[in-house]
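These are my notebook entries on a structure that I examined. I set down what I looked up, entry by entry.

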Amino acid sequence: MCCRLKPWDSVTRKWLRNMVTRAAPRPVAQLKEELPRQLLLDMGHPWIYDDEVQNISQLNGVAAGTLVDISGHNGRPMGVGILNRQASIVLRRMEGVASGTEVTQELLSARLKSAFAQRQRRHGEGAAYCRAFNGDQDGLPGVLVDRFGSSAVVTFEVVGSVKLELLVQEELTRWIGKLKQLTVHRMTAKKEKWAQEGSEFTTSITRGDASKVRVVEPLASFDVDVLQGLVPGHWNYSLEALRAPLAQAFGAGTVLDAWAQCGQWGLRCAAAGAQEVVLLEDSLGLAKLCRENAALNGLEEKVTVLHRGDLHSELRNMAESGIRFNCVSLNVRIRFERYLKHQRGQFGRWYKPSLKGYERAITLGAMVTSRNGYLVVSFLLPLTTEYWALCLVQGALEKASRVGSIVYCSSGASEDTAMASSTMDEYWSHIVIAVHLA
């Protein structure tokens, strides 16, 4: 079933004409000699940083999203990249596109169709709820598509990629049929810095009227409010794929779900047989959403939702009052902070997710976990620094005077959300650790 699509606007038509035409040569970015990352780039790393381009000054004034041919210092062709002169990742290479190759609308459409078809083959009916397109991995840098049944959420993490909005919408409609709801998050910060806790993105609902999309799982269903923002309110399929099995394995007896988001961990536990569940949130909007999701699943009698302005203080009050839970989940809210030594990376120059407050939260979480109980903690870290999470857990347990053994530790890289190259060791991914406390 298909719907009638909106006509392409003049700006998008002009941009696509510029992409397919070969009347004028594309700009060329020449890399510096003897780059420390040269081997990684030769092996397929898709990101090129601003301090790695020899003729960077010649690219001043070139519009974000312009296609650029890339060459080594000796003129060796190194593919085609999408330029944003103001970002720390100045070039994002398009996998499998050789220098000088025409980038046509058909090529772009084919990459979307191929990714959607792969998900359909991989998941079957489960493809209705998955990461349907994953940026660099699927060949269109900065474009992320999450499917929620007959609805979808599209995120453009790169300023220039927003020009593909109508093309993505068209291919989604061909795959799904008439879209019930379509939400678009667009990066508006010219330097692509994640400096405002998600406020650097604008959000609009381009199809439908409701602000909620629904995730359907075997045990429960959850409404997600897209207007809660990209950082606090976004549903992360790779993270939830790690957490969902743990809720069924460890979530018995009494359960505390801190930073509950839309209540997914605690509601899974309640649906699986937990006796009592407490959902703890510091966002009033998300606390309201937790209550609505408890009602949606008919679990109001088992579930208590608490809204508190300071979750650390609430956890301490619980510990001092002698309240204990058989299972505690800590999905600490991600905060981005400024680090002057952080010159480049996935979230822009000077900004990256902070681990401040994690050790305190884990310490308090351990204090409210009963003996023989389980503590489950989620992190967002570069893939090469998984040991940071282990060190934080170990230090927090010592402060809480608790002893435990790690029974689960895994990262959120899956087939749908894999890296474009195995060389991307600076790529940030979710890590989940479960500890069995003695």
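**Entry 1: a sheet and its strands**

I looked up strand 9 (residues 181-187) and found that it runs antiparallel to strand 10, with six bridges joining the two. Strands pair here if DSSP finds at least two bridges between them. Strands (E, at least two residues) and helices (H or I, at least four) are DSSP runs, numbered from the N terminus. One bridge I noted links Met187 to its partner Phe201 in strand 10.

The model is predicted: local features need pLDDT of at least 70, side-chain atom pairs count only at pLDDT 80 or more, and totals for chains, interfaces and linings use all residues. Residues are numbered from 1 along each chain as its sequence is written, and side-chain values use heavy atoms, with hydrogens and water left out.

I then traced the open sheet of five strands, which has the order 6-7-8-9-10 and mixed pairing. Strand 6 (129-134) and strand 10 (201-207) stand at the edges; each has a single partner strand, so one side of each lacks a neighbour in the sheet.

**Entry 2: a residue in a loop**

I located Ile56 in the loop between strand 2 (47-49) and strand 3 (67-71). Is Ile56 buried or exposed? Ile56 is buried, because its relative accessible area is 16%, and buried means under 20% (exposed is over 50%, partly exposed in between; 1.4 Å probe, protein chains only). Leaving aside neighbours within four places in sequence, I found Ile56 in contact with Asp50, Arg85 and Val90, where contact means heavy atoms within 4.5 Å.
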